[in-house]
Amino acid sequence: MNEKKEMKTRAPQKGLAINRIILIGIVVLVLFIFGNKWAGEKNNTVTTVTVDQVMQAIGELNTYEYQYTGNADIINTRQVLGMNVLGTTHKIHVVYSGVIKVGYDVTSIGASVDNLSKTITVSLPNAQVTNNYIDMNDVDAVVENNPFNPADSEKEVAACLENEKQNQLQSAINDGLYSKADVQAKTLITSLLSCYNGYVVKFI
């Protein structure tokens, strides 16, 4: 006997963007940046090296989070010779929530300084998904079991959620995930480099 499995997914809810900067990290960065600022002012110049040091101090950075919620129905029916067997269907209704994190490897961010025009030019690499996870503690699964086709709920729900994560990622991309991450990254970098008074930050 074979089994026929179906997974029906309802339209995912739009993700919620959350900008997260840990307070202790801000304090460390501020101290580091203003240390570099003082050194630059002492030498009356800003160099690519000092800017790179500021960028390196950020480390690998998650600049953008996309939260999502959704639900899916798993329908499993035994089959014989490709035909459904009457009375052997079980169903599992799954409700879940998850988070997609997008960030940059800051070591791949390029920076150059033109002291004549007082311009800092920054090149951003492509944003990358650093994590996409569903908290199993937030998963609710309602099983409509069938003695003629018992549900392996743990295995079936796990497979369903892996599929849902990919669907949610595609939905987030369609909703402008990477472009929003770019905006957030540029805002953060511009803010960090604003310690160099009189310099304009440009992105390429």
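Me: Leaving aside neighbours within four places in sequence, which residues is Ala 185 in contact with?
Reply: Thr 63, Tyr 104 and Leu 124, where contact means heavy atoms within 4.5 Å. This is a predicted model, so local features need pLDDT of at least 70, side-chain atom pairs count only at pLDDT 80 or more, and totals for chains, interfaces and linings use all residues. Residues are numbered from 1 along each chain as its sequence is written, and side-chain values use heavy atoms, with hydrogens and water left out.

Me: Is Ala 185 buried or exposed?
Reply: Ala 185 counts as buried because its relative accessibility is 3%. Buried means under 20% relative accessible area, exposed over 50%, and partly exposed in between, with a 1.4 Å probe and protein chains only.

Me: Where is Ala 185 found?
Reply: In helix 4. Helices (H or I, at least four residues) and strands (E, at least two) are DSSP runs, numbered from the N terminus. The C-alpha of Ala 185 is separated by 8.1 Å from that of Tyr 64, 121 residues apart along the chain.

Me: How many residues has helix 4, and what does it reach end to end?
Reply: Helix 4 covers residues 177-193, which is 17 residues, and reaches 24 Å from first C-alpha to last, close to the 24 Å expected. The expected span is 1.5 Å times one less than the number of residues.

Me: Which residues of helix 4 are buried?
Reply: Leu 177, Ala 181, Gln 184, Ala 185, Leu 188, Ile 189, Leu 192 and Leu 193. They lie on the same side of helix 4 because they cover an arc of only 155 degrees around the axis. The arc is that of the directions from the helix axis to the C-beta atoms.

Me: Zooming out, what is the order of elements in the chain?
Reply: Along the sequence the pattern is β-β-α-α-β-β-β-β-β-β-α-α-β, with four helices and nine strands. Of the 204 residues, 36% are buried. Among contacts between residues at least 6 apart in sequence, 82% join residues at least 24 apart.

Me: Which residues touch the most other members in the largest nonpolar core?
Reply: Val 51, Val 94, Ile 100, Ile 120, Leu 177, Leu 193 and Tyr 196, out of 40 residues. Such a core is a set of buried Ala, Val, Leu, Ile, Met, Phe, Trp, Tyr and Cys residues joined through side-chain atoms within 4.5 Å. Strand 4 gives the most to this core, with six residues.

Me: What does Ile 120 touch, not counting residues up to four places away?
Reply: Its list includes Val 51, Leu 193 and Tyr 196, along with Ser 112, Val 113 and Tyr 199.

Me: How many disulfides?
Reply: The count is zero, a disulfide being a pair of cysteine sulfur atoms within 2.5 Å. Cys 160 counts as buried because its relative accessibility is 0%. Cys 195 is also buried, at 5%.

Me: Backbone next. What is phi of Leu 81?
Reply: Near 55 degrees, a positive value in a residue other than glycine. Leu 81 lies in the loop between strand 3 and strand 4, and Leu 81 is exposed because its relative accessible area is 83%.

Me: And what about phi of Lys 118?
Reply: Positive, about 50 degrees, although Lys 118 is not a glycine. Lys 118 is in the loop between strand 5 and strand 6, and is partly exposed at a relative accessible area of 36%.
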